[in-house]
Amino acid sequence: MDASVSVAAPGAGPRLWRRVLDAILFSSVWLAGAAAAQTAASFRRWPAADGGVNGRVVALVFSATLLVYNLDAVLPFKHRQPAAGSGRKAWQQRHRQLLAGLAGAAALAAGYLFLVDGWWRYLPALLPLTLLALVYSWPLVRWQGQRRALREVPLLKGFLIAGVWSAITVGLPALAQHRPLAEVLGLLAQRFCLVLAITIVFDIRDLSRDRAAGTQTFPVVLGVAGARAVALAFLAGAMLLGFERGVPPLGLGLTGLAAAAVILLAEERRSDYFYALLADGVLLVPAVLYLVGK
């Protein structure tokens, strides 16, 4: 056999792993996994009669998250924007067809689970969340004489993301188990504060782009230091709510340390891996710790 064929080129292995990592992170599979893990942890916090996790609801959340984020990634106007040194954006522009295919497959899976499992009965409650998630980036709202996306409303972006994320990962398990609203408010508020703190980290990443577009986020309005302070305040709120709810101190402390480190280290110049792997990964920490602890 020809040696040039049988011997792998130096560095081929690392390049392969890099491609796999890029695909997992930049296609939102990693983020959808975080949403699925948080949903599973919600079930474990309120054990049903059989004590198990409803895997079909977890799969629905995974599919819906993958659908929403990949639809956002393939928006036509986003592919006309320059990558501006962003490896994530450049990867998404090169793999637009793949992302569209993932969105299509996720839509089929989510639609099947939605219909077969009877979630259409909760349509009045779920429809507003679905619409918010889908029109988040579409310029459909007329404001100050121009059509703007909801994310462009001053300081609204982070609250929208945290609200929809928390309502889905906490609300769907609660609906599936017919839990009263009063029973889930504590976890809902805790998750909202944690997700909002991490969302502000991504606003720091997007500072120059948001400033150029006129989008008033916390970093644009308060500067990076001010945005970090706001994020830490919401993180402190999440920790206090968790303490009041009796969350195990070790898991709560590790979550707080991981989130605080990401917030304090966040800068616009950080790599895409810092944000896609570590910042999004913070959302996995409390869910994984809780699931492993059980």
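# A walk through a helical model

In helix 4, the buried residues are V57, V58, L60, V61, S63, T65, L66, L67, N70 and A73. Buried means under 20% relative accessible area, exposed means over 50%, and partly exposed lies in between (1.4 Å probe, protein chains only). Helices (H or I, at least four residues) and strands (E, at least two) are DSSP runs, numbered from the N terminus.

This is a predicted model: local features need pLDDT of at least 70, side-chain atom pairs count only at pLDDT 80 or more, and totals for chains, interfaces and linings use all residues. Residues are numbered from 1 along each chain as its sequence is written, and side-chain values use heavy atoms, with hydrogens and water left out.

Stay with helix 4. What covers its buried residues? The cover includes helix 3 (29–45), helix 5 (87–94), helix 6 (96–116) and helix 8 (157–176). Contact here means heavy atoms within 4.5 Å. Helix 4 covers residues 55–73, which makes 19 residues. At 1.5 Å a residue, helix 4 should span 27 Å, and its end C-alpha atoms are 27 Å apart, so the two values agree. The expected span of a helix is 1.5 Å times one less than its number of residues. N54 caps the N-terminal end of helix 4. A side-chain oxygen of N54 lies 3.1 Å from the backbone nitrogen of R56. A polar contact is a pair of N or O atoms within 3.5 Å; within protein, one must be able to donate a hydrogen and the other to accept it, and residues adjacent in sequence count only if both atoms are side-chain atoms.

Now step back to the whole chain. The protein has 14 helices and 2 strands. Of its 294 residues, 42% count as buried. Take the contacts between residues at least 6 apart in sequence: 71% of them join residues at least 24 apart. The protein exposes about 14,700 Å², and carbon and sulfur atoms supply 68% of that area. Accessible areas come from the Shrake-Rupley method with a 1.4 Å probe; for residues, only the protein chains shown count as cover.

Helix 3 is one of the elements that cover helix 4. Of its 17 residues, 13 are buried, so helix 3 is largely enclosed by the rest of the structure. At 1.5 Å a residue, helix 3 should span 24 Å, and its end C-alpha atoms are 24 Å apart, which agrees.

The phi of S28 is near 70 degrees, a positive value in a residue other than glycine. S28 counts as buried, at 9% relative accessibility. H178 also has a positive phi, of about 55 degrees, although it is not a glycine. H178 is found in the loop between helix 8 and helix 9 (181–205). Is H178 buried or exposed? At 64% relative accessibility, H178 counts as exposed.

Helix 2 (residues 12–26) holds L16. L16 is partly exposed, at 44% relative accessibility. Together L16, W17, V20 and I24 make a nonpolar surface patch of about 400 Å². Patches are made of residues with over 30% relative accessible area and no salt bridge: like charges are joined within 9 Å, nonpolar side chains (Val, Leu, Ile, Met, Phe, Trp, Tyr) within 5 Å.

Helix 8 holds G163, which is partly exposed, with a relative accessible area of 25%. G163 and A189 are 26 residues apart in sequence and 9.3 Å apart in space, C-alpha to C-alpha.

Last come the charged pairs. Side chains of opposite charge can pair when their charged atoms come close. A salt bridge is a side-chain nitrogen of Lys or Arg within 4 Å of a carboxyl oxygen of Asp or Glu. How many salt bridges does a search of the whole structure find? It finds 7. In one of them, the side chains of K157 and D203 meet (2.8 Å, N to O). K157 lies in helix 8 and D203 in helix 9, so the pair ties together parts that are 46 residues apart in sequence. K157 is buried at 4% relative accessibility, and D203 is buried at 3%.

D206 meets R205 in a salt bridge (2.9 Å, N to O). D206 also meets R209 in a salt bridge (3.3 Å, N to O). R205 is buried, with a relative accessible area of 18%. D206 is buried too, at 8%. R209, at 34% relative accessibility, counts as partly exposed. Elsewhere, salt bridges that share partners join K157, D203 and D210 into one network.
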